[in-house]
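Dear colleague,

I am handing over the structure below, together with an account of what was found in it. Please read the notes alongside the coordinates.

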Amino acid sequence: MTAAVVDIDTALEQYDPVMGLEVHVELNTNSKMFCGCPTTFGAEPNTQVCPTCLGLPGSLPVLNAAALESAIRIGLALNCEIAEWCRFARKNYFYPDMPKNYQISQYDEPIAYNGWTEVVVDGETYRIDIERAHMEEDTGKSLHVGGATGRIHGASHSLVDYNRAGIPLIEIVTKPIVVPGDKAAAVAKAYVGMLRDLLRALGVSDVRMEQGSLRCDANLSLKPRGASELGTRTETKNVNSLRSVERAVTYEITRQAAVLSSGGRVTQETRHWHEDTGITTPGRGKEQAEDYRYFPEPDLLPLAPSREWVEELRATLPEPPATRRTRLQAGWGFTDLEMRDVVNAGAQELIEQTVALGTSPAAAKKWWLGELARAANDAGAELDDLGVGPEQVAAVQKLVDDGALNDKLARQVFDGLVNGEGTPEQIISARGLALVSDDTALSEAVDRAIAANPDVVEKIRAGKGAAVGALIGAVMKEFRGQADAARVRELVEDKLSS
Amino acid sequence: MSSITRDEVAHLARLARIELTDAELDHLAPQLDLIIGWVAQVSDVAAADIPPTSHSLPLTNVMRPDENRDCLTPEAALAGAPAAEEQRFRVPRILTEEA
Amino acid sequence: MGDLTRKTAVELAELMSSGQAGSAEITQAHLDRIAATDEAVHAFLYVDTDGALAQAKAIDERRAAGEQLGPLAGVPLALKDVLTQKDVPTTAGSKILEGWKPPYDATLVARLKAAGIVILGKTNMDEFAMGSSTENSAYGPTRNPWDLTKIPGGSGGGSSASLAAWQAPLAIGTDTGGSIRQPGAVTGTVGVKPTYGGTSRYGLIALASSLDTPGPCARTVLDAALLHEVIAGHDPLDSTSIDQPVPPVVEAARRGSVEGLRIGVVKELGGEGYQSGVEARFREAVELLTKLGAEVTEVSCPHFQYGLPAYYLILPSEASSNLAKFDAMRFGLRVGDDGELSAEEVMAKTREAGFGAEVKRRIMLGTYALSSGYYDAYYGQAQKVRTLIQRDFEKAYEQVDVLVSPSTPTTAFGIGERIDDPLAMYKNDLCTIPSNLAGNAAASFPCGLADEDGLPVGFHVMAPVMKDERLYAVGAALEAALAEQWGGVLMTKAPELEVAGR
């Protein structure tokens with residue numbers, strides 16, 4: 001049963017959306033948050049557990065110093081204040097994937113707070129205030145057995161693997177985000193994308209949304225346009241890609257608008273985003289708001305990071321996103337409009353990495369914003385997820401520069417790369433895309449074209465230089481376009497000038 | 001403040017995941033009421049300007065280097081499990097969505 | 001050589017190092033004593049006969065091979081069933097852990113093994129250490145060897161009873177509000193609560209994380225000191241563990257001098273509610289210490305009386321969270337898993353079946369105190385009382401080196417006498433609780449028998465954080481002086497237990 005929706009434009013005429021984004025980041029430390037178990041992804045079940053992360057009686061947590069360091073660096077990169085003194089807290093609730101039935105987290109004393117960041121959408125800069133960033137531990141993973149879809153509904157039992165229990169997480173929470181309604185979804189997407197790039201640049205996580213090392217929960221409420229009182233908000237989970245962020249926000253706006261417009265009230269609840277059907281559905285089984293009974297974690301001592309240490313860590317930060325963007329734009333010689341397109345497409349880092357491999361900025365932009373952006377759009381994916389990397393783009397452009405390919409052939413190579421047909425060389429070979437550059441063959445073809453088109457030759461000798469095009473065309477046709485057009489022109493001109 | 005009802009005890013029991021019997025609920029409510037009334041005397045001296053103590057040790061910044069330690073074998077980890085299947089802990093069907 | 005079970009740990013160590021007896025023989029003697037007396041006393045929940053004898057044999061072989069062994073190597077010990085011992089049943093006195101065998105050793109247990117100490121078995125206790133009489137054990141009470149109709153104290157009644165029944169010369173207990181000291185007092189044995197953080201909690205099944213402290217129990221002060229040295233010290237697996245050298249407790253126990261020591265008698269811990277026989281023995285002990293060179297004054301600690309209600313807010317709060325892990329999912333009891341009931345229902349049924357009344361009561365209390373809307377009024381306030389008590393101690397320690405009081409208001413009461421009155425039961429901990437809230441070191445030493453009932457009275461000593469050696473100085477001085485009066489330690493005056501069979 002699909003909820004009623006109002007179309008997005010109508011919704012935004014009547015209501016202003018207010019968003020809150022919560023992003024969880026899995027840190028890439030060697031060991032877990034509170035114990036020395038390994039963190040490598042994809043191990044056999046329950047092979048990376050110990051008394052502490054299994055929550056066995058008698059076990060105790062000890063904080064991972066690298067996790068604290070990453071937490072502080074993330075906070076600094078988001079322009080947060082770093083707490084002079086803070087503690088961990090227990091968040092108490094029962095769930096089979098939570099070994100202690102409390103999560104060690106931070107409550108009213110986060111390690112970082114009161115920060116801000118910026119995102120750029122369509123050339124406009126939007127400032128997003130950061131409420132807090134805090135440390136917590138991840139849960140185990142459950143397989144639900146017996147139901148139709150592998151989800152909880154209809155399952156007869158569950159199988160729990162605690163390998164991921166205790167993995168270090170940083171939760172980043174924004175303050176309410178108030179931007180023009182028609183930009184909300186794009187801003188949300190841009191924020192998560194920016195965070196992803198930032199965290200990658202910090203080196204603290206591999207930020208792979210599809211693997212769960214970067215997770216986004218989107219909170220959304222609507223208020224009538226111009227009103228000041230906030231509406232009831234919902235929290236949407238299972239938003240597993242940048243595209244989903246945008247789609248889920250848009251959908252929730254339309255769904256809530258329909259509810260409100262029909263005189264109903266939005267239920268405060270957690271909802272689940274479905275990528276396949278493009279809707280959110282209510283979560284199951286939450287009758288009342290949970291009472292987490294937070295209290296300071298007695299098994300862990302307070303943290304008091306010295307200001308000297310914080311400054312040392314500040315010195316390790318990568319350049320801020322805005323500075324980086326300006327520097328790259330200047331270095332590449334792009335106009336503001338061009339840079340806007342680059343940022344909108346999420347291609348900035350990809351272009352940078354391609355340029356670092358020797359490709360000209362213009363060529364890099366051409367491919368990433370052209371052929372590849374088109375392919376991504378067709379596949380409903382992000383550029384990052386296409387499976388084509390900067391190395392391959394650089395390699396293809398080099399082949400063009402060396403005269404082994406022309407533009408048209410290069411586009412076919414990219415098509416092959418997107419389809420996973422192998423390396424550029426393999427694709428060229430398999431599809432027969434190589435440019436003919438054998439001078440003898442070209443020369444002979446030119447001779448044939450000259451012989452076959454005496455009237456064209458007449459025109460050329462009479463001074464109509466443009467007619468050369470017809471001869472070049474004839475040669476190109478013979479080689480089905482796989483000839484180096486510039487060399488053919490040279491040969492034609494040489495032969496006719498003598 | 002110190003009148004704890006049977007319903008409140010039932011709510012606490014739900015929060016604490018203990019299926020108390022009716023007899024226990026009847027029995028516990030007055031007992032808890034008595035105890036809570038007695039412990040409430042801490043307010044007599046706990047003035048607003050007294051800072052709370054959560055840790056008796058004046059230590060801070062206790063942490064460990066980001067190094068790996070030996071894990072339990074899966075056999076050892078699962079040895080005490082009430083039920084196990086496919087090297088995982090088998091638990092009855094879960095009703096609520098993950099939080 | 002005489003009856004091996006009547007020896008101190010020091011004497012047994014001497015017999016072994018001089019080659020007069022081996023650990024196997026000594027261990028067997030204690031196992032025999034357990035077999036003969038434990039039906040009556042019920043100090044043990046599990047006797048690890050094979051494991052103990054194997055440990056003992058291994059020690060004898062190493063000694064025979066010329067290896068240098070520690071001062072307590074080969075000496076048997078009773079371990080409170082609240083510490084994990086790998087592959088040995090560990091229940092914390094609860095049905096919810098019946099049959100559970102931990103896959104790992106507590107750090108403290110690993111240190112005992114490394115020292116060559118022979119662990120005889122796991123001793124009885126109040127369920128999850130909640131109680132002052134061991135009557136809350138899910139496996140039946142332990143009886144005081146001085147009078148089998150009386151409680152042996154709690155929560156560590158099994159450990160102290162095993163000492164008082166001559167079943168072991170050494171024992172390990174844990175003290176959250178007096179669970180080592182109070183049983184020590186009512187059984188005429190020595191019980192020490194080290195500075196909080198002085199002994200590792202890794203592997204200690206948690207009750208109240210900010211209060212729990214494992215500690216040594218013995219019949220003599222020097223034995224306790226030697227055991228203290230083995231188990232204490234920093235543990236990187238416990239964040240609340242103190243990274244400083246162990247205080248010089250053995251040295252202090254050997255010297256046993258109180259010359260020039262300033263002793264403060266806590267004014268508020270005495271008077272109404274205290275048994276006259278207890279107060280009499282206490283005052284005599286204080287006079288004795290004065291004769292031995294101590295300077296005694298009276299000190300006021302006005303907030304100590306609020307320690308009891310604060311404790312009964314802090315402990316249940318932390319415990320309600322610590323006990324949440326007992327949920328039938330990964331270990332322990334599981335009830336009601338019929339393929340139909342949900343995980344949530346199985347959890348609730350299991351906890352209902354597996355937890356006893358006192359545990360349920362405290363979990364409810366703690367859940368209430370931490371509930372939204374109540375935190376500031378209860379838990380938050382209790383944490384402030386903690387600050388006030390710490391300040392009382394700090395102020396007192398500006399004037400004196402140690403504080404003293406009776407260990408308990410009364411001698412051992414009858415089994416069944418207070419079980420239906422939780423508040424009356426809680427009041428056993430009046431004297432002992434302040435040290436737990438402040439994290440200080442404290443101990444109970446035997447100081448005589450009460451005239452009314454001939455039952456043991458304990459002398460309670462409190463010392464500042466990481467000044468544990470002062471406890472042993474006072475304890476040893478008192479022990480030596482009283483031994484002159486009694487012809488030996490207090491335990492030598494205990495009535496003989498009837499031995500079963502043979």
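Two strands are taken to pair if DSSP finds at least two bridges between them, while helices (H or I, at least four residues) and strands (E, at least two) are DSSP runs, numbered from the N terminus. This is a predicted model, in which local features need pLDDT of at least 70 and side-chain atom pairs count only at pLDDT 80 or more, whereas totals for chains, interfaces and linings use all residues. Residues are numbered from 1 along each chain as its sequence is written, and chains are lettered from A and ligands numbered from 1 in the order in which they are written.

I begin with the sheet in chain A. In strand S5 of chain A, A:Tyr113 is the bridge partner of A:Glu81, and the two strands concerned, S2(A) and S5(A) (residues 112-121), run antiparallel and are joined by 2 bridges. They belong to an open sheet of 9 strands with mixed pairing, whose order in chain A is S2-S5-S6-S9-S1-S10-S11-S12-S13. Strand S2 (81-82) and strand S13 (279-282) of chain A stand at the edges and have a single partner strand each, so one side of each is left without a neighbour in the sheet. Helix H5 (residues 242-261) of chain A packs on this sheet, where it touches strands S1 (15-26), S10 (214-224), S11 (234-239), S12 (270-274) and S13 of chain A, and its direction makes about 30 degrees with that of S10(A). Contact here means that the C-beta atoms of two residues, placed from the backbone, lie within 7 Å; axes are lines fitted to C-alpha atoms, for helices over the stretch in contact, and angles run from 0 to 180 degrees between N-to-C directions.

The domain assignment of chain A, with bounds that come from an automatic or database assignment, gives domain 1 (8-313), domain 2 (319-431) and domain 3 (439-497). The C-alpha centres of domain 2 and domain 3 of chain A lie 33 Å apart, and 4 residues of domain 2 of chain A are in contact with 4 residues of domain 3 of chain A.

Turning to chain C, its 16 helices and 11 strands form a C-alpha trace that spans about 65 × 55 × 45 Å along its principal axes. With 502 residues, a compact globule would have a radius of gyration near 23 Å, and the 21 Å of chain C agrees with this; the radius is taken over C-alpha atoms, and the globule rule is 2.2 Å times the number of residues to the power 0.38.

As for the interfaces, 32 residues of chain C are in contact with 24 residues of chain A, and the largest share of that side of chain C, 3 residues, comes from H10(C). Between chains B and C, 46 residues of chain B are in contact with 58 residues of chain C, and H2(B) gives the largest share of the chain B side, 8 residues.

Helix H1 (residues 6-15) of chain B and H12(C) pack at an angle of about 95 degrees, with their axes 9 Å apart. These helices, H1(B) and H12(C), are therefore roughly perpendicular to each other, a term that covers angles of 65 to 115 degrees (under 35 counts as roughly parallel, over 145 as roughly antiparallel, and the rest as oblique). The residues that make the contact are B:Val9, B:Leu12, B:Ala13 and B:Leu15 of H1(B) with C:Met364, C:Thr367 and C:Tyr368 of H12(C).

With kind regards
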